[in-house]
Structures are given as C-alpha cells and as structure tokens.
Amino acid sequence: MSDYDDEELDDLDLDSEDELDDDDDLEDDGTDEDDDDDYEELDDATDEDVDFVIAAYREDGNPVVVALDLEMANDLDEMINHLRRLPGEAGAIGMLSLVEEVFVIVRVRGAIVQVFLSDGAASDEWPVARDILDYLGLDEVPTEGEDEDEVVPVGDSEILRDLGVGDFDLEQLAEDFDTASDEALLQLADRIGMGPQVRATVQEEFED
C-alpha cells in the first residue's frame with residue numbers, strides 16, 4: 001500500500017512541475033542577458049555623418065566613379081554585393097568617409113574581397129565598422145599598447161598595393177591625426193590615378 005494518498009501525490013506532481021518551470025525561466029533569463037551584453041544596437045550613419053561613399057573602377061582603361069546609396073555606408077554586405085556587379089576590369093573599389101574621422105576601403109575582384117578600416121575602435125560607433133570586424137572574424141579591436149586613444153587600423157593594408165599604395169603608406173595615412181578621413185581618401189584616389197574623377201563626384205553629389 002502506498003505511503004501517500006491521492007491528494008498528496010497531486011501536490012508532489014505540482015511542486016515538481018513548478019520547479020521545472022522555474023529552472024526553464026532561469027535558463028531563458030541567462031541566455032537573454034548574455035545576448036544583450038554581447039550585442040549593442042548602433043545607430044545608422046545619416047546623411048550628415050557620411051562625408052561621401054563612392055565606387056571607383058576602370059572600364060576600357062578609363063576611370064569611372066559613381067556615388068553610392070546611403071545604405072551602403074551602413075551595411076558592408078550591401079556594398080560588397082554592389083561592387084561585385086560593377087564592370088571593373090580589375091574589380092571595383094568602394095570608399096567611405098564618416099564624420100571626417102574614419103575611412104573604409106572595400107575592394108572586390110571576383111571572388112576576392114578585401115577590406116580596410118582606418119580605426120578599429122569605430123566598431124563601437126558605426127554599423128559598417130562593426131560589420132568589418134565581424135567579416136574579419138575579430139571579436140574585439142586589436143590593441144598595440146596601453147594608449148586608449150591610439151588609432152589601430154584593421155583589415156588588409158595591402159588592398160591597394162598593386163595600384164601603387166603600399167601597406168606602410170596606407171597605415172601611416174590612417175594613423176595621421178592631422179589628416180581628415182575624407183581628405184585621406186582623396187589623397188589615395190590621387191595615388192591610384194582616379195583623383196580628378198573622385199573629386200568631381202564628391203563635389204557634385206556630397207558637397208552643398
């Protein structure tokens with residue numbers, strides 16, 4: 001004969017179910033907190049934040065430069081997909097400058113995609129910069145010392161090597177506090193033989 005009557009058995013079953021529900025709630029709460037800690041929503045760059053975002057390529061040997069939509073200043077995948085569709089003989093190069101402080105270079109040649117971000121710390125402010133760290137498989141911004149204000153470029157610093165801009169020159173330009181990011185990209189455009197076309201597009205599409 002059982003030591004418990006029917007009413008006592010029902011109470012035991014209810015207590016067990018409550019304990020299981022409590023355990024599930026604890027597991028769900030922990031997961032949600034971890035997700036919130038790992039991901040912080042960033043505001044998209046606006047028209048006022050974007051100095052310019054352009055694509056440059058060569059067609060029949062002639063430089064062609066076009067302005068890109070604002071969404072490509074906030075989404076790395078969108079920029080890559082658009083650059084891949086351009087008819088550049090040696091691929092296409094995307095250039096983006098934000099608030100005269102941060103610049104991004106994306107180069108697409110068929111299946112080959114190269115990216116460069118002038119300052120990894122920008123991933124705390126701009127969605128496209130965070131996209132670049134994700135694309136590179138970086139969980140956090142690399143550091144080169146204890147100076148929190150130090151600019152640390154990330155990505156492929158040889159992205160323009162075949163066009164005459166070596167890794168040392170590109171990194172030095174990224175770390176130059178005295179040169180605004182939009183001006184840095186204009187200097188790079190001059191170096192790769194597309195300066196006049198880039199300047200004309202920027203002036204026409206992005207300057208008041």
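This is a predicted model: local features need pLDDT of at least 70, side-chain atom pairs count only at pLDDT 80 or more; totals for chains, interfaces and linings use all residues.

Residues are numbered from 1 along each chain as its sequence is written, and side-chain values use heavy atoms, with hydrogens and water left out.

Arg199 forms a salt bridge with Asp190, 2.6 Å from N to O. By salt bridge I mean a side-chain nitrogen of Lys or Arg within 4 Å of a carboxyl oxygen of Asp or Glu. Asp190 is also partly exposed, at 39%.

The structure holds 6 salt bridges. Another one pairs Arg107 with Asp162, with the closest N and O atoms 2.6 Å apart. Arg107 sits in strand β4 and Asp162 in the loop between β6 and α4, 55 residues apart. Helices (H or I, at least four residues) and strands (E, at least two) are DSSP runs, numbered from the N terminus. Arg107 is buried, at 2%.

Now α6, residues 195-205. Which of its residues are buried? They are Gly195, Val198, Thr201 and Val202. Viewed down the axis of α6, they fall within an arc of 140°, so they line one face; the arc is taken over directions from the helix axis to the C-beta atoms. They pack against β1, β2 and α5, contact being heavy atoms within 4.5 Å. On the other side, Pro196, Gln203 and Glu204 are exposed.

Methods:
Buried means under 20% relative accessible area, exposed over 50%, partly exposed in between (1.4 Å probe, protein chains only).
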